[in-house]
Amino acid sequence: CSGYFSVDGANYFGLGGQGYVLRGKASWGSVVLLADNDGKMVSSSGWLVTKVYDSDLQRYWIIQIPNQVGYFGAQVGYFTAVFEGEPNSFYGQEGQGYVVRGKMPYGNGVLLADNDGRLAVTTGWLVTDRYDGRLERYYLDFSCFGHIGAHVGMIDAAGQKYYGLPDVGYVMRNATSPVDGYWYDANNDGALSLVSTRAIRLGNGTYLWIDASGRENRQDAINRLMAAADSVLGVPYVWLGRYPEDGGMDCASFTYWCYRQLGITIDFETYGQVYDGRGVSLSEAAPGDLILMYFSSPGVPEHVVMYAGNGMIYEEPTFGGHCQYVPLSAKNAGYVVVRRILA
């Protein structure tokens, strides 16, 4: 037999062209057919909580199949059903039949359902620990194909921007992150403020530079760095000097000072700067990179310069000297280590 049929009071569904009966699930119009391992289909309407059809317990809303008296399947899509004496909204998952419990991305939002499958149906802000085990903030609107769900992407609420995180639905909080190409800080409530002219440290020890527009802009950082170095040309060499209070700088406090003008703190001495940022080869050296040289022992450089590009460097040379712009070749350095600070 193919299609619906009954044997000894039990309902079955024969798969046309196959010969055998359905065991498990199959989509059929607005429902999902459910059959146990023997092929027996569900036989009554209402709520069904079982793990017969899945590896764990799931909740199904069973309805009579349209135009098939006595045959039943799991409702899919949006529907309203009475649960614990009250009407509630639910969503039966296509292809599975069981109701959403927890979260499901849908349209431009995320459906939110409690452990019984009851959907969140009130628009506006929702602060709850119901879906994550900790308090999170959601902004609910009609973003789920015209149905209520947590808005993902940029949100404008009462003139303030927020960002709903994809897949999870709650707004970004206590974080700094790019959104649509612009970098934002999010406070504890999720309110966004644009990052402007600031360095952001990355996991590998380098720094992203965010320009006044809120976008990543390495060249803007290099321009500022070179301008800072150029502004102190002629400042005398002072061993361990802090500029301007000591009237001068040594080689490492010079590079330290230059990066401080970007809000970036590197080590104050060559022995620490050799580990700042990340290493690159000399052939890869770019403006802003630190070049450490004159090693007194492995890992112990006695001098550092800042590469300016085109074979030129800025440096505080040594006692009696002053900040200068000279060719790297003039240093006659053999072994060098290059450290990149700007990502």
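These are my notebook entries from a walk through this predicted model.

**Ground rules.** I count residues from 1 along each chain as its sequence is written, and I take side-chain values from heavy atoms, leaving out hydrogens and water. Since the model is predicted, local features need pLDDT of at least 70 and side-chain atom pairs count only at pLDDT 80 or more, while totals for chains, interfaces and linings use all residues. My helices (H or I, at least four residues) and strands (E, at least two) are DSSP runs, numbered from the N terminus. I call two strands paired if DSSP finds at least two bridges between them.

**Entry 1: the sheet with S3 to S7.** I looked up the strand order and found an open sheet of 5 strands, S3-S4-S7-S6-S5, with antiparallel pairing. Its edge strands are S3 (24-28) and S5 (46-50), each pairing on one side only. The twist averages 40° from one strand to the next; axes here are lines fitted to C-alpha atoms (for helices, over the stretch in contact), and angles run from 0 to 180 degrees between N-to-C directions. S5 and S6 (residues 58-64) run antiparallel and are joined by 5 bridges. Valine 49 has arginine 59 in S6 as its bridge partner.

**Entry 2: two hairpins.** S10 (residues 102-106) pairs with S11 over 5 bridges in the antiparallel sense, and methionine 104 stands opposite leucine 111. There are 2 residues between these strands, and glycine 107 in this hairpin takes a positive phi near 65°. I then checked S15 (residues 153-157) and S16 (residues 160-164), which are antiparallel and joined by 5 bridges. Glycine 153 stands opposite glycine 164 there. This hairpin has 2 residues between the strands, and alanine 158 takes a positive phi near 55°.

**Entry 3: aspartate 114.** Is aspartate 114 buried or exposed? Its relative accessible area is 13%, so I put it down as buried (under 20%; exposed is over 50%, partly exposed in between, with a 1.4 Å probe and protein chains only). Aspartate 114 sits in the loop between S11 (109-113) and S12 (124-128). A polar atom of its side chain lies 2.9 Å from the backbone nitrogen of aspartate 116. Leaving aside residues up to four places away in sequence, aspartate 114 touches Arg101, Gly102, Arg130 and Tyr131 (contact means heavy atoms within 4.5 Å).

**Entry 4: the sheet with S22 to S27.** I found an open sheet of 6 strands in the order S22-S27-S23-S24-S25-S26, with antiparallel pairing. S22 (278-280) and S26 (324-327) are the edge strands. H1 packs on this sheet, touching S24, S25 and S27 (337-340), and its direction makes about 115° with that of S24. H2 lies across S23, S24 and S25, at about 45° to S24.

**Entry 5: helix H2.** How many residues of H2 (residues 251-260) are buried? I noted 9 of its 10, among them Phe254 and Trp257. The cover over them includes H1 (218-231), H3 (270-273) and S23 (290-297). At the N-terminal end, aspartate 250 caps H2, with a side-chain oxygen 3.3 Å from the backbone nitrogen of alanine 252.

**Entry 6: the largest pocket.** I read off about 200 Å³ of space in the largest pocket. Its lining includes Tyr237, Trp239, Asp250, Phe268 and Glu302, and H2 and H3 each supply at least two lining residues. On a 1 Å grid over the protein atoms alone, a pocket is an open set of points where a 1.4 Å probe fits, with protein on both sides within 12 Å along at least five of seven lines, and lining residues have an atom within 4 Å of a point. The volume is the space filled by probe spheres set on the points.

Terms used
A polar contact is a pair of N or O atoms within 3.5 Å; within protein, one must be able to donate a hydrogen and the other to accept it, and residues adjacent in sequence count only if both atoms are side-chain atoms.
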